[in-house]
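Hello,

Here is the structure we talked about. Please look it over before you read the notes below it.

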Amino acid sequence: MKKNLIFSLILIGFSAMAGQIVLMRQLMVIFYGNELSLGITLAIWLFWTGLGSLIIGKWLSAKIKQKFTLFCFGEILLGLLLPLSLFAARLIPLCFNYSAGEIIGLLPMSLATFLLLAPTCILIGFLFVLGCEVYVSLENRNLEKASEIGYVYILEALGASIGGLIISFFLIRILTPIYIMALITFLNLLAAFLLLVNNKILKIFTGIIIITFLFLIFSGNLELLNQKTLNLEWRGYELLAYQDSIYGNIAVTKKEDVFTIFNNGLYDFSVPDELSSERMAHFPLLEHPLPKKVLLIGGGSSGQINEVLKHPVDLVDYVELDPLLIKMAKKYLSSTKAFNDKRVRVISNMDARLFIKRTDNIYDVIIISLPAPNTAQLNRFYTKEFYEEAKKILDEKGVLSFCLYSNPNYISSEQAQLYMTLKNTLWAVFPEVVITPGEVNYFLASNIKGLLTLDWQKLIQRLKERNIQAKYMREYYLYSELSNERIDAFGKNLLLESTSVINRDFKPIAYYYNLVLWSTYFKYNLKKVFQYIDAKKIYLIVAAVFILLLLPSCFSSLKKRLPHFGVLTCVSTTGFAEITFQIVTLISFQVIYGFVYYKLGIILTSYMIGLIFGSWLITKRLERNTAPKRGYYSLFLKTQVLIFTYPLILLFFIWLFSNFKKGFGLWIGSNIIFPFLPIIAGFIGGFQFPLANKLYLKSNDLDLAHSAGITYALDLFGSCIGAVISTVFLVPIIGIPLTCILVAVLNLVGLILLLTYSAKTSALKI
């Protein structure tokens with residue numbers, strides 16, 4: 001029985017992590033690949049789990065006598081809720097009347113995720129608290145309450161680690177999301193069946209559920225339901241293909257005679273679309289007097305290569321990160337015939353920035369055919385550091401280009417802010433930068449002054465000299481688009497925005513400005529909030545929080561009313577810090593190495609591994625009751641010192657390995673340091689949590705469920721706030737270095753409170 005319970009507790013952690021990964025990937029497709037959806041999903045997941053632990057776990061578990069039976073039913077319900085949540089996620093566009101690929105506002109996105117995750121996450125939080133009580137009821141040894149919580153915490157973390165590894169490196173590659181969820185459901189039903197060994201009636205009932213579920217799978221009904229929900233998600237299109245890779249999701253649709261590829265739910269390109277293909281290729285190539293070598297980053301499958309080859313080029317290198325996109329394009333699109341040309345090299349499964357760092361080629365033109373910097377991953381191709389890397393592989397007369405879409409006759413203040421930031425960033429690297437007016441704005445940068453021109457007659461002359469036949473790069477279109485009046489009006493609109501900010505790798509402000517611009521597209525938006533928050537406001541808010549948390553140490557009356565306020569504050573600030581460490585590590589890895597999806601599973605799992613070892617070490621000490629000379633409070637204080645210093649250590653490693661571009665330093669950073677650095681943060685957090693329960697239980701004489709519910713909830717609520725604040729505001733606005741410093745300052749509050757209360761806790765002899 002005890003072994004079956006341990007298996008069930010591990011499985012809850014496995015189910016939570018695996019379900020979270022699958023649902024986050026699905027929601028990313030629904031919310032068009034916006035990484036903000038990841039922060040929102042993670043924050044809401046933590047919020048509801050914390051609420052389930054604090055309210056449901058604390059009160060309901062204390063009132064119910066048949067805890068063991070309730071735990072079994074909870075595990076059955078968890079298994080059934082996960083696949084239902086996946087199906088429900090696909091219905092979000094239908095419920096909010098959005099079509100596939102359409103941008104969804106921040107408020108509908110948050111509301112949909114909030115409602116979707118509530119049942120599953122509340123249940124997970126409840127099962128943790130209930131699992132602590134069920135575990136001690138079957139444990140023969142007379143353990144400390146804190147040890148009991150610690151062991152359940154370890155088992156759940158172990159399951160989460162296993163789930164993260166298996167999902168990220170194995171199941172995602174061979175199974176579709178619905179069958180991953182089905183596997184999780186089967187395992188939970190099996191675990192409940194094994195636990196109910198002494199209750200024949202409930203065991204038979206669970207067995208019937210298992211048989212029914214297996215019939216649903218093997219009869220094909222589950223796959224039929226899967227296809228129906230996908231068709232509802234992509235209503236209005238004929239869905240030809242829908243497949244996940246290690247990088248995300250690729251969907252191929254057809255509407256009349258137009259084929260469209262969506263990457264993580266975001267519109268990528270359509271075929272045929274000669275207008276876009278011609279413009280994106282010919283504008284930068286006509287700016288160069290005689291282009292011979294061209295580097296194309298993204299967009300090659302849309303037909304751009306066909307247009308590039310109309311010029312007298314000798315080499316076209318097309319770099320595409322996801323090989324699945326190339327595979328899908330070859331299968332469904334006629335535009336990929338150019339791949340067979342001897343001048344074309346298709347380089348897939350390679351991040352473009354990593355390719356630029358490693359290549360020895362020198363190019364005449366670099367065309368960046370990527371969406372706007374609406375995610376942290378895309379922002380990497382709009383930073384000063386990237387342009388510096390690109391400049392090194394550009395010829396003396398080389399040209400770099402990218403484009404953004406806008407209103408042809410109006411530039412809003414938010415759009416001007418974004419455009420001027422990108423222009424300033426280009427200016428910081430290239431001596432000459434021009435932007436074309438029109439519905440599509442082409443940003444062109446050159447290594448030498450006087451090379452670029454917006455004179456439409458010169459461009460047409462070069463087109464004729466190269467004997468290029470084009471439908472849309474003709475006199476009529478260029479004369480209208482590049483008239484002196486339109487160029488002057490466009491330039492004056494941009495000059496109304498006087499920002500001098502530069503977009504950097506570790507301070508992705510363009511990502512934030514794009515978020516502000518994106519928020520203006522909806523009736524109910526947070527435009528005023530985004531415009532109000534800046535670096536100064538962040539510093540003031542942090543200072544206010546710092547002072548507010550220190551108030552209890554200034555008034556003796558508050559000290560009496562809030563026993564161990566310092567311990568509970570440290571639990572919540574540690575939760576905030578730990579999730580921020582994860583976000584900073586992931587974004588830094590992506591910025592430096594560019595292939596975070598390869599390492600995403602191991603980075604997340606490394607944290608859980610550290611959590612397991614830290615929890616196990618302190619739990620064994622609590623079990624033996626071998627406190628250090630100054631007691632457990634002193635030990636807790638030392639862990640808070642480590643939490644305070646870790647962000648500074650993390651900042652040092654980021655600075656150190658960002659300077660390695662090639663060789664052993666690049667290899668060890670990408671394969672050893674960054675993937676396994678989270679073990680340290682996880683160890684500290686895992687060590688602190690059972691210790692916090694020990695201090696809180698002893699000083700307040702609380703029951704196990706009460707203590708586990710409060711501490712677990714505070715840890716998750718702190719993480720919830722950290723996920724949103726760090727992703728949306730801290731990293732984009734003040735940058736990664738200052739984010740690390742602010743997190744250190746925040747944890748200094750807990751350290752001060754612990755030192756203030758040290759005399760009081762010593763008197764309690766704990």
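Ala, Val, Leu, Ile, Met, Phe, Trp, Tyr, Cys and Pro count as nonpolar here, Asp, Glu, Lys and Arg as charged, and the others, Gly among them, as polar. The model is predicted, so local features need pLDDT of at least 70 and side-chain atom pairs count only at pLDDT 80 or more, while totals for chains, interfaces and linings use all residues. Residues are numbered from 1 along each chain as its sequence is written, and side-chain values use heavy atoms, with hydrogens and water left out.

The largest pocket holds about 820 Å³ of space. A pocket is an open set of points on a 1 Å grid over the protein atoms alone, where a 1.4 Å probe fits, with protein on both sides within 12 Å along at least five of seven lines; lining residues have an atom within 4 Å of a point. The volume is the space filled by probe spheres set on the points, which are joined across faces, edges and corners.

The lining of the largest pocket divides into 18 nonpolar, 11 polar and 2 charged residues. Strand S4 (266-271) gives the most to this lining, with 5 residues. Helices (H or I, at least four residues) and strands (E, at least two) are DSSP runs, numbered from the N terminus.

The second largest pocket has about 580 Å³ of space. Of its 22 lining residues, Val545, Phe576, Ile721, Ile725 and Leu746 are the closest to its centre. Helix H29 supplies the largest share of this lining, 10 residues. The classes here are 18 nonpolar, 4 polar and no charged residues.

Regards
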